[in-house]
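Here are a few notes to read beside the model.

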Amino acid sequence: NNVPFKCDDTIEIFKDNARWFSGRIVQIPCQFSVNEESKSYRVSGPNWYLEHLIFQQSWQYFKGANDEEMISIPRSLCQLGQSEDGKAMDAKNCLTNIIQYCIQHGAPLQLGKIEGFDFFFPCETIKDCSCMEVIQKLLRWTPDAVCWFDYTTVKPTFNISRQAFLESMSLSLQRLSQFSL
């Protein structure tokens, strides 16, 4: 029972004095044999929240049967590409709303840059999808999209860019021990 970490503890890994990873312990599986017992840790980054949180949009309903006053109720039946008031939304605003929804519901992350998504796409009705599934549905319109977390910020920063907006890099193959195309 003497373990240095418990489930739901947050751990951080540093490399060269910069945070390299931050996540929460989601499992501590035990292994048993005749002679020994051991424990390992399964740690998930902020993506865990995106995968486990069901995305919801607000829908407008009449407050009572004979009432003209409307109330807003969140539902997991969502119309991607459309705002709460029924207006068309571009992909950038949809992605921004999804990440902000995650943050409002406790995901330990912050919104970074979303570049190259100033376009409209065909509306789609979805139901009971995780936030990551919704992001993937939106990104299928842009096969050159890349998502990543920057762990050097106060909270990990979620970024999404298209290839044209990314910085190109050169890599010397001499430093690699193995390479395949």
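1. Glutamate 115 has serine 161 of β12 as its bridge partner. Four bridges link β9 and β12 (residues 157–162), and the two strands run parallel. Strands here are DSSP E runs of at least two residues and helices H or I runs of at least four, numbered from the N terminus; two strands pair if DSSP finds at least two bridges between them.

2. A word on the source: this is a predicted model, with local features needing pLDDT of at least 70 and side-chain atom pairs pLDDT 80 or more, while totals for chains, interfaces and linings use all residues. Residues are numbered from 1 along each chain as its sequence is written, and side-chain values use heavy atoms, without hydrogens and water.

3. The open sheet has three strands in the order β9-β12-β11, with mixed pairing. Because β9 (110–115) and β11 (145–150) are edge strands with a single partner strand each, one side of each lacks a neighbour in the sheet.

4. Helix α2 (residues 91–104) packs on the sheet and touches β9 and β12 (contact: heavy atoms within 4.5 Å). The direction of α2 makes about 170° with that of β9 (axes fitted to C-alpha atoms, for helices over the stretch in contact; angles from 0 to 180 degrees between N-to-C directions).

5. α2 also gives the largest share of the lining of the largest pocket, six residues.
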